[in-house]
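Subject: A structure for you to look at

Hello,

I am passing on a structure that you have not seen before, with some notes on what turned up in it. Please have it open while you read.

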Amino acid sequence: MPLLYLSPSTQEFNLYVTGGTEEEYMNRIADEMIPYLRASGITVARNTPDMTAASSIQDSNAQEVDLHLALHSNAAPEFLAGTLQGSEVYYSPASYYSRAAAQIIAAHLREIYPNPELVSTIPTTTLGEVVKVRAPGVLIEFAYHDNPEDAAWIQDNVSAIAQNVSQSVAEYFGLPFLEPQAPWEGVVNIHWGKLNIREYPSTSSRILAQACDGARLTIWNTYLDWYVVGFGGVMGFAAQRYISVP
């Protein structure tokens, strides 16, 4: 399955004018994104609050990441403190895929941000989590945490933001966006060969792993005639007709 590196801000000293910190709220959004991503068949790697932007980049680059997504909130320069608003999605102008992901994310954010005309995509050649990562990189500044209206929008809409951005990620990867469900167990029921676990819900998609008859799988979701399954540390799609549910 596609691997997303999720990098919520580690800036615990960036205070919200309405209370709380950038690190706190970006990690809340990341926490709520993971069930949506997993339900849609996306594998997630993630930084930790004790890391820095530099160590997050290093950790991302040590893995076979398909998209690096940094989650942040913004603050205006001191002389404009509290006066700016808007969502900004940064991408690398040197990367077609970085730009494509940013455009999808911005389009969906316009559906939930109160002033959609203030949602923009911005090229950058300086932000490390965009230009120093091996994978296509995107950095979202959801809103200005020094502006009371913007800060309150983030705080009041953590779940909606998480769902919205997860939908964008699924669209970028060409996967169906599926609602999270409680996982259940399945057993491979095949009398010849092995069950193929594929990257996408298609018999022409790449095979990620194979499971023998009787193997136990974790089923995370359903899509058409496929299950989203976990097996041996691999997330993928498997044909429903070859899996029994005890």
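Let me start with a helix: in α3, the residues S98, A100, A101, A102, I104, I105, A106, H108 and L109 are buried, where buried means under 20% relative accessible area, exposed means over 50% and partly exposed lies in between (1.4 Å probe, protein chains only). Helices (H or I, at least four residues) and strands (E, at least two) are DSSP runs, numbered from the N terminus.

Before going on, a word on the source: this is a predicted model, in which local features need pLDDT of at least 70 and side-chain atom pairs count only at pLDDT 80 or more, while totals for chains, interfaces and linings use all residues. Residues are numbered from 1 along each chain as its sequence is written, and side-chain values use heavy atoms, with hydrogens and water left out.

Back to α3, which covers residues 96-109. Its 14 residues reach 20 Å from the first C-alpha to the last, close to the 20 Å expected at 1.5 Å a residue; the expected span is 1.5 Å times one less than the number of residues. What lies over its buried residues? The cover includes β3 (67-74), β4 (87-91), β5 (119-123), α4 (128-131), β6 (137-144) and α6 (158-173), counting as contact any heavy atoms within 4.5 Å.

Q167 is partly exposed, with a relative accessible area of 29%. Its contacts, leaving aside neighbours within four places in sequence, are H108 and F177. Q167 and I104 are 63 residues apart in sequence, yet 9.4 Å apart in space, C-alpha to C-alpha.

Now the sheet. It is open, has 6 strands in the order β2-β1-β3-β6-β4-β5, and its pairing is mixed; two strands pair if DSSP finds at least two bridges between them. β2 (43-46) and β5 stand at the edges with a single partner strand each, so one side of each has no neighbour in the sheet. On average, neighbouring strands are turned by 25° against each other, direction ignored; axes are lines fitted to C-alpha atoms, for helices over the stretch in contact, and angles run from 0 to 180 degrees between N-to-C directions.

Strand β1 (residues 3-8) pairs with β3 in the parallel sense over 5 bridges, and L6 stands opposite L69 in β3. Helix α1 (residues 22-39) packs on this sheet, where it touches β1, β2, β3 and β6, and its direction makes about 140° with that of β3.

How much of β3 is covered? The strand is mostly covered, with 8 of its 8 residues buried. L67, L69, L71 and S73 point one way, while H68, A70, H72 and N74 point the other way. In a regular strand the side chains alternate between the two faces of the sheet. β3 also pairs with β6, in the parallel sense over 6 bridges, and L71 has I140 as its bridge partner in β6.

At the other end of the strand order, β4 and β5 pair in the parallel sense over 5 bridges, with Y90 and I122 as bridge partners. The chain crosses from β4 through α3 to β5, and this β-α-β crossover is right-handed: with the strands pointing away from the viewer, the path from the first strand over the helix to the second runs clockwise.

The largest nonpolar core has 47 residues, and those with the most contacts inside it are L69, L71, I140 and F142. Such a core is a set of buried Ala, Val, Leu, Ile, Met, Phe, Trp, Tyr and Cys residues joined through side-chain atoms within 4.5 Å. Its largest share, 8 residues, comes from α6. Apart from it lies another core, of 13 residues, among them V188, I190, I219 and A238.

S60, in helix α2 (residues 53-61), counts as buried because its relative accessibility is 2%. L224 sits in the loop between β10 (216-223) and β11 (226-231) and is exposed, with a relative accessible area of 64%. Its phi is near 50°, a positive value in a residue other than glycine.

Best wishes
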